[in-house]
Amino acid sequence: MLTFGVLGAATVLGAGTAVLGGGDTAVPVTMTPEVHASPVAVESTELQTHTKVGGAAYVYEVDGQPTAYYVTTAFRTRLERWYATHLKETGQRPDEVRSFGAWTPGAEGSWHGSGEAFDVARLRAKGKDLVSARYDKWRDDTAAEVRTRLRLYWQLAAGLHLEFADVVTYLYDSNHSNHIHVDTGRFGPTGAPRLIPRSEVQVQAVQAMCRHVWGRAGVEITGHLDTATRDATAKVIADHGGQHAIDDGVEGWRAFLLPTLRAA
């Protein structure tokens, strides 16, 4: 659980859009505004009740039992869209989504209390892990096993970043060593995520993806969008037909995250 509250000049057009200058071709950029909202705790009766994510059973990680979870309608839409994208881009077919929870009663000051957060622990099929966010369980495995686990972990995180404003991992603190927390606080329930360069959480994730998915060992996990990080992400984007920098709004963010999610 979590409590929260390069291309040249961009010409802002309003309504969260801009055009990047340079040459004769204008490249549109969607600059989703930050809403700086605060969560408002609600009762479960004010939320939707579900027992599945997509076609997979929702299973409580603590006891391994299928159960129900409660979220807002808008959050459910994002969760379903994330799941569909994950299946499409990875080819995985989970029959269980294991979680430490969504809505939590009495969680004042937390997006869990408002039904707008979800903690992903594992995706499983036929009794085996497809991808595990249980860093606490496998971080001391063999070097080869940890490399594989980290690659899958950060591909999972890339897909989550496509839909959710805040995606919090083991890099944030030890409380997140057994799950990845997602919520929609930064951009609101319907705002499309983009990279905020001052966000240490987002930039650390980008750097971890560069290292563990793309093998860019020269990228250090500092939380600062430095030259090495910009160069590494620019190459990933260019190699996959993109024309944005990673911080060029929604388009630049997706141009890096989608290839990372689908990387073999």
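What follows is a set of questions and answers on a predicted model.

Me: At what angle do α3 and α4 pack?
Reply: Helix α3 covers residues 143-163. Its axis and that of α4 lie 9 Å apart. The two helices pack at an angle of about 140°.

Me: Which residues of α4 make the contact with α3, and how many charged residues does the contact have?
Reply: From α3 come L150, R151, W154, A157, A158 and H161, and from α4 come Q202, A205, A208, M209 and H212. By class, the contact has seven nonpolar and three polar residues, and the number of charged residues is one.

Me: What is the handedness of the crossing where α3 passes α6?
Reply: Helix α6 spans residues 249-262, and its axis is 8 Å from that of α3. The two pack at an angle of about 145°. The crossing is left-handed.

Me: How many charged residues are in the contact of α3 with α6?
Reply: On the α3 side the contact is made by Q155, A158, G159, H161 and L162. On the α6 side it is made by W253, R254, L257, L258, T260, L261 and R262. These residues divide into six nonpolar and four polar, and the charged ones number two.

Me: Why is α4 called oblique to α5, and what is the handedness of their crossing?
Reply: Helix α4 (residues 200-212) and helix α5 (residues 227-239) have axes that come within 10 Å and cross at roughly 60°. That angle makes α4 oblique to α5. The crossing is left-handed.

Me: Which residues of α5 make the contact with α4?
Reply: The contact residues of α4 with α5 divide into three nonpolar, three polar and no charged. From α4 the contact takes V206, Q207 and C210. From α5 it takes T229, A232 and T233.

Me: Which elements give two or more residues to the lining of the second largest pocket?
Reply: About 160 Å³ of space lies in this pocket. Its lining includes Y58, Y60, Y69, Y70, F100 and G101. The lining residues divide into nine nonpolar, three polar and no charged. The elements asked for are β6 (56-60), β8 (69-71) and β9 (96-101).

Me: What is the volume of the largest cavity?
Reply: The largest cavity is lined by T169, L171, Y172, V201 and Q204. Three of these residues are nonpolar, two are polar and none is charged. The volume is about 30 Å³.

Notes: Residues numbered from 1 in each chain as written. Predicted model: local features only at pLDDT ≥ 70, side-chain atom pairs only at ≥ 80, totals over all residues. Heavy atoms only, no water. Axes fitted to C-alpha atoms, helices over the stretch in contact; angles between N-to-C directions. Helix = DSSP H or I, 4+ residues; strand = E, 2+ residues; numbered from the N terminus. Parallel < 35°, antiparallel > 145°, perpendicular 65-115°, else oblique. Left-handed = near helix turned anticlockwise from the far one by under 90°. Contact = heavy atoms within 4.5 Å. Nonpolar A, V, L, I, M, F, W, Y, C, P; charged D, E, K, R; others polar. 1 Å grid on protein atoms, 1.4 Å probe; cavity = no way out; pocket = protein on both sides within 12 Å on 5 of 7 lines; lining within 4 Å. Points joined across faces, edges and corners; volume = space filled by probe spheres on them.
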